[in-house]
Structure formats: structure tokens, C-alpha cells
Amino acid sequence: MVLKIHGSNQPKVNPYQKQLQQYTQTRTEKQVKADQLHISDQAKKMQELNGIDPARKQRVDAIKADVESGVYKVDAEQVAKGLLSFWKN
């Protein structure tokens, strides 16, 4: 017995059609979403201050000068203690 299959009798099935539809849908969903930015009230208050603490600025400038001149040394023990106290809390 010989069985012949003719192309016109076969249903047109695309096994990737569902995957293509999902890809198209997610792509359009991504395009619809817009970026949003929310600034908290606390951040707004901080921006309004616009003042830099003079003592902090002086300390930062001193450290910056030490780093640039190569004099600044890191105290590994102090760093380790700081990390431990941070992670314990």
C-alpha cells in the first residue's frame, strides 16, 4: 500500500506562530511603557538646602590633597572595624 501526501490537503500550521505573537505582544508592551521619575519630599528638601557643611568640605579637601600628593594611607584595622560595625547592625 502506497500512501501519497499532497501539499494542498495539509493544513497550514506554523509551529512558531504562538512564539511570534508573544514576542510581538511583549515588544509593543515595552514600547508603551514610559520612564518615570519620582523625587521624594526628603530629596526635594535636601536639594533646597544647597549648602555644603564647611567642616565636611574642609575634611574632604584635606583628604583629596593627601590622596593627590600620595601621602594618604588607609588604616586597614579601622576599615575592618567600620565594616564589622556596619554589618552587625
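Biologist: Why are Glu77 and Lys81 separated by about one helical turn?

Modeller: Glu77 and Lys81 are four residues apart in helix H4 (residues 76-88), and therefore about one helical turn lies between them; helices (H or I, at least four residues) and strands (E, at least two) are DSSP runs, numbered from the N terminus. This is a predicted model, in which local features need pLDDT of at least 70 and side-chain atom pairs count only at pLDDT 80 or more, while totals for chains, interfaces and linings use all residues. Residues are numbered from 1 along each chain as its sequence is written, and side-chain values use heavy atoms, with hydrogens and water left out.

Biologist: What makes the contact of Glu77 and Lys81 a salt bridge?

Modeller: The term requires a side-chain nitrogen of Lys or Arg within 4 Å of a carboxyl oxygen of Asp or Glu, and for Glu77 and Lys81 the N to O value is 3.4 Å, so the pair meets the rule. By this rule the count comes to two salt bridges.

Biologist: How do you know that Lys57 forms a salt bridge with Asp61?

Modeller: The closest N and O atoms of Lys57 and Asp61 are 3.3 Å apart, to be set against the limit of 4 Å. Lys57 and Asp61 are also four residues apart, in helix H3 (residues 54-69), and so about one helical turn separates them.

Biologist: Why is Lys57 called partly exposed?

Modeller: Buried means under 20% relative accessible area, exposed over 50%, and partly exposed in between (1.4 Å probe, protein chains only); Lys57, at 43%, therefore counts as partly exposed, and Asp61, at 35%, is partly exposed as well. Glu77 and Lys81, by contrast, are exposed.

Biologist: What makes Phe86 and Trp87 an edge-to-face pair?

Modeller: A search of the whole structure finds one aromatic pair. Phe86 and Trp87 form this pair, with 5.1 Å centre to centre and 85° between the planes. Rings of Phe, Tyr and Trp (its six-membered ring) pair if their centres lie within 6.5 Å, and planes under 30 degrees apart count as stacked, over 60 as edge-to-face and the rest as tilted, so the name edge-to-face applies. Phe86 is exposed because its relative accessibility is 55%, and Trp87 is exposed because its value is 67%.

Biologist: Which residues form the nonpolar patch on the surface?

Modeller: Val67, Tyr72, Val74, Val79, Leu83, Phe86 and Trp87 form the patch, and its largest share, four residues, comes from H4. Val67 belongs to helix H3 and, at 48% relative accessibility, counts as partly exposed.

How values were computed
Patch = residues over 30% accessible without salt bridge, like charges linked within 9 Å, V, L, I, M, F, W, Y side chains within 5 Å. Areas by Shrake-Rupley, 256 points an atom, 1.4 Å probe, with all protein chains shown as cover.
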